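Let's take a friendly walk through this model, starting with its sheet and moving on to its charged side chains. Keep the sequence and the 3D view open as you read.

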Amino acid sequence: MNAIEVRGLTVRYRGASAPAVDGMDFTVRTGEVLGLLGPSGAGKSTVHRVLTRRIRRFTGSVRVLGVPVARGRDRDFFERVGVGFELPAHLPALTARENLAAFAALHRGPTDDPADLLDLLDLAEAADRRTAEFSKGMLVRLNLARALLHRPALLLLDEPTSGLDPVRAEAVRRILRDRARAGTTVLVTTHDMRTAEHACDRVAFVVDGRIAALDGPRDLRLAHGNPGAVVELRRDGALERRELPLADLESALGLGGARLETVHSREATLDDVFARLTGRRIGGEP
Ligand code: ADP
């Protein structure tokens, strides 16, 4: 069962010489995280606007949770879908906690405790501050909390790691993976490679309103990359770098017909060495 089905989607803004989205086809399976990855201006937000019913003028067919986006009531739609906008919507005169309570009141079904969501998004300390004082990164996180509030079956998120530091961006990626594992479908637009690589089951490369490729991140790397190993060796005191095609390593290792797909060296990182020498970590995971 597909949560999203997009066929031949074309969107042309008034007065624009070229379509912003130009004949896109893709589906998002229930419970998967699909990333739309591409540079600024590629058309990702425009797809997000169609999926979230903010653009009604398009050609092609777009179904979200089985319902064509041009049909059905918005109210029913937003009960089942959690939306995160690129420019976060919030009520600046209210605190973060009051914002979530206000949005929770709009839903008919059960909602999560705002305190738990603020905790999840590392906003517990800012819970009682007016959101007018929030930084862009804090608003992006509040926006995600708001999208999660009513436990939607589908999350449509536009750049959910934009403006976040690496640790918080990773926390958001973890939340997306956790939700997907629990059955939520996620469509995420991003220009962040790490989000595409580490949060998405499949990634669509979007350029000039078209999908240039769509597959799992590992499959894309293996199918279109040029796999090989870079080795550094020391000869007569001098450091040499050599590139070895994987085929050379395959025959050297005598793999008996098995194919080598990737090679990773296991030398320590500076962080590992720091931890070994001092007993402390500089950053990242403990
Ligand atoms: P992305 O999200 O990948 O950065 P967008 O979907 O925002 O890309 O934009 C795709 C193209 O459509 C760009 O060329 C952009 O300039 C144009 N565009 C976006 N919004 C509008 C609008 N409201 N009116 C006219 N053109 C727009």
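## The sheet

Six strands make up an open sheet with mixed pairing, and their order is β6-β7-β8-β3-β9-β10. Strands here are DSSP runs of E with at least two residues, helices are runs of H or I with at least four, and both are numbered from the N terminus. Two strands count as paired if DSSP finds at least two bridges between them. The edges belong to β6 (81-84) and β10 (210-215); each has a single partner strand, so one side of each has no neighbour in the sheet. On average, neighbouring strands are turned by 15 degrees against each other, direction ignored.

Before going further, a word on the model: it is predicted, with local features needing pLDDT of at least 70 and side-chain atom pairs counting only at pLDDT 80 or more, while totals for chains, interfaces and linings use all residues. Residues are numbered from 1 along each chain as its sequence is written, and side-chain values use heavy atoms, leaving out hydrogens and water.

## One edge and its helix

Follow β6 to its partner β7 (residues 154-158): the two pair in the parallel sense over four bridges. In this pairing, V81 stands opposite L154 of β7.

Helix α5 (residues 136-148) lies across β6 and β7 and runs at about 170 degrees to β6. Such angles run from 0 to 180 degrees between N-to-C directions, with axes fitted to C-alpha atoms, for helices over the stretch in contact; contact means heavy atoms within 4.5 Å.

## Salt bridges

How many salt bridges does a search of the whole structure find? There are 21, each being a side-chain nitrogen of Lys or Arg within 4 Å of a carboxyl oxygen of Asp or Glu. One of them joins R97 and D128, at 2.9 Å from N to O. This pair links distant parts of the chain, 31 residues apart: R97 is in helix α3 (residues 96-105), and D128 is in the loop between α4 (114-120) and α5.

Are these two residues buried (under 20% relative accessible area), exposed (over 50%) or partly exposed (in between), using a 1.4 Å probe and protein chains only? R97 is partly exposed at 33%, whereas D128 is exposed at 53%.

R129 and E133 form another salt bridge, with their closest N and O atoms 3.4 Å apart. R129 is partly exposed at 36%, and E133 is partly exposed at 47%. E232 and R241 also pair, at 3.5 Å between the closest N and O atoms, and both are exposed.
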